[in-house]
Amino acid sequence: MPEGTLCNKKPVNTREELDALLADKSGKLYYEEMKRLDVDKAALRATLEKTCKSRMRTWLEICAHCGMCAESCFFYLANNKDPKQVPSYKIQSTLGEIVRRNGDVDTEFMIQVMDTAWGKCTCCNRCGLYCPFGIDMGVMFGYLRGLCFSQGFVPWEMKIGSGMHRIFRAQMDVTPEDWVDTCQWMQEENEEEWPGLEIPVDKENADILYTVNAREPKHYPEDIAEAAILFHIAGENWTVPSVGWEETSLAMFAGDWEGCRMQVQEVYGAMERLKPKRMVVTECGHAYRATVIEGPYWAGIRTGKTPIPSFHYVEWVAEALRTGKLKIDPAKKIKEPVTYQDSCNYIRNAGLKECAREIMSYIAEDFREMSPCKEHNFCCGGGGGMNGVGRYREQRNIGLKVKRDQILATGAKLVIAPCHNCWDAIRDMEEVYHIGIRWSFLKPLLLKMVIVPDHLKPKE
């Protein structure tokens with residue numbers, strides 16, 4: 001059967017292909033075409049032979065079906081402990097079946113696989129903490145998404161996101177010219193209030209190369225200005241690259257591994273071109289995971305390390321507070337009860353839990369931990385691309401109940417969420433459940449309480 005014009009096995013590589021997908025509002029035609037998309041069984045078998053190696057096959061074989069992963073999954077808890085939401089069941093009934101059948105599966109089955117891989121798992125990796133054999137079903141679902149993508153069974157929004165990265169090297173249609181113009185605009189907007197403020201572009205040999213999430217220039221340019229002001233107050237020697245400024249990867253969420261490689265190589269190219277001492281990425285969990293944790297492997301770097309030392313924004317903030325580059329006015333510390341959303345991607349998967357606690361010790365008088373917290377915290381409910389896929393919105397909203405109950409139990413009305421996906425999910429949770437909370441990134445809070453040296457204040 002001929003493949004559809006929208007839903008097919010080809011990645012999106014041209015603006016024309018991307019525009020056609022965007023014109024299909026909500027993906028209605030895309031999903032209709034998917035029902036007629038044939039599985040290339042020979043290609044699927046070949047992919048399994050080439051990529052499904054000993055670790056993945058061993059994990060599938062040694063699962064004892066003990067169920068200890070069940071209560072680690074917020075979807076299982078939010079769906080009245082439905083056995084079909086147990087992580088081991090979800091992976092055995094999808095990837096396990098594909099492997100056992102050696103790729104002999106049909107279209108209906110692959111659509112079910114897609115709906116599980118993206119609609120019932122955020123790849124938060126929490127289940128891996130509790131499996132007695134160390135089986136990480138988040139990793140396995142990431143691999144499964146790659147198999148689905150290669151066969152064309154990927155949610156409409158993820159196909160678009162992958163295409164954005166291949167065409168723009170950003171998750172949104174922001175060109176290098178758009179990016180540089182936004183930086184210049186934010187500098188001009190704020191230089192009267194902050195004399196000497198600069199957003200340097202392509203400055204060589206800086207101490208810090210700052211990279212962002214494309215949502216910031218597209219929708220939240222004030223975030224770029226806030227970062228610039230805090231670097232300014234801290235006296236940092238920093239720059240942004242004109243190319244390679246975007247660290248996120250919807251290609252990772254989509255399972256487009258070649259798109260992932262293309263994206264991180266753009267960032268690594270900026271590191272090598274500008275030769276900064278280190279890189280700091282904005283308050284985004286998956287950007288850090290994609291570029292710092294997973295990225296070196298996509299780029300073929302055997303050491304597993306980025307070309308220069310790379311840090312999440314919370315690491316920089318903790319360091320700046322510790323060394324006195326940023327000083328907090330005690331009278332302006334947060335007085336009300338406040339809690340902190342531990343992001344899966346830089347807390348559980350990168351071990352930065354103590355950076356978060358160090359920051360809170362400087363800025364809050366009544367910090368209240370969620371339970372559980374740190375690496376044991378539950379996913380926000382919107383990670384792994386879940387926030388952006390309309391097909392699974394109802395399931396996502398059900399899953400948000402777990403985070404809702406965690407926040408309510410703290411008694412806090414302010415949630416600090418230094419991660420774009422977490423910030424979005426908590427915003428949406430408030431819109432759905434109306435529990436009367438506020439949520440914030442770190443930057444705007446810090447600007448309200450940081451002591452500004454006299455020489456940086458505008459002259460009277």
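Modeller: The account below begins with the domains, turns to one interface, and then considers its surroundings.

The model is predicted, so local features need pLDDT of at least 70 and side-chain atom pairs count only at pLDDT 80 or more, whereas totals for chains, interfaces and linings use all residues. Residues are numbered from 1 along each chain as its sequence is written, and side-chain values use heavy atoms, with hydrogens and water left out.

The protein chain is assigned domain 1 (39–154), domain 2 (168–318) and domain 3 (327–449), with bounds that come from an automatic or database domain assignment. Contact (heavy atoms within 4.5 Å) involves 26 residues of domain 2 and 25 residues of domain 3. Between these two domains about 2,200 Å² is buried, and carbon and sulfur atoms give 66% of that area; buried area is the accessible area (1.4 Å probe) that two parts lose on being put together, summed over both. On the side of domain 2, the residues that lose the most area to domain 3 are Phe253, Glu283 and Val314, which together make up 28% of what that side buries.

Glu283 also has a charged partner: its side chain meets that of Lys443 in a salt bridge, at 3.0 Å from N to O. A salt bridge is a side-chain nitrogen of Lys or Arg within 4 Å of a carboxyl oxygen of Asp or Glu. Three salt bridges are counted between domain 2 and domain 3, and a search of the whole structure finds 32. Nine residue pairs, both members at pLDDT 80 or more, are in polar contact between domain 2 and domain 3. A polar contact is a pair of N or O atoms within 3.5 Å; within protein, one must be able to donate a hydrogen and the other to accept it, and residues adjacent in sequence count only if both atoms are side-chain atoms.

Which elements supply the side of domain 2 that touches domain 3? Those giving two or more residues are α12 (215–219), α13 (221–234), α16 (285–298) and α17 (313–323). Helices (H or I, at least four residues) and strands (E, at least two) are DSSP runs, numbered from the N terminus. Helix α13 gives the most to this side, with six residues. By residue type, the side divides into 14 nonpolar, five polar and seven charged.

The surroundings include an open sheet of four strands in the order β2-β1-β3-β4, with parallel pairing. Its edge strands, β2 (238–239) and β4 (310–312), each pair on one side only. Strands β1 (residues 208–211) and β3 (residues 278–281) pair in the parallel sense over four bridges, where DSSP must find at least two bridges for strands to pair. Across this pairing, Leu209 has Met279 of β3 as its bridge partner.

Another salt bridge links Arg166 and Asp256, whose closest N and O atoms are 2.7 Å apart. Arg166 lies in helix α10 (residues 156–168) and Asp256 in the loop between α14 (250–254) and α15 (257–274), so this pair ties together parts that are 90 residues apart in sequence.

Finally, a cis peptide bond, with omega about -5°, joins Ser371 and Pro372. Pro372 is found in the loop between α19 (353–363) and α20 (393–410).

Key:
Nonpolar A, V, L, I, M, F, W, Y, C, P; charged D, E, K, R; others polar.
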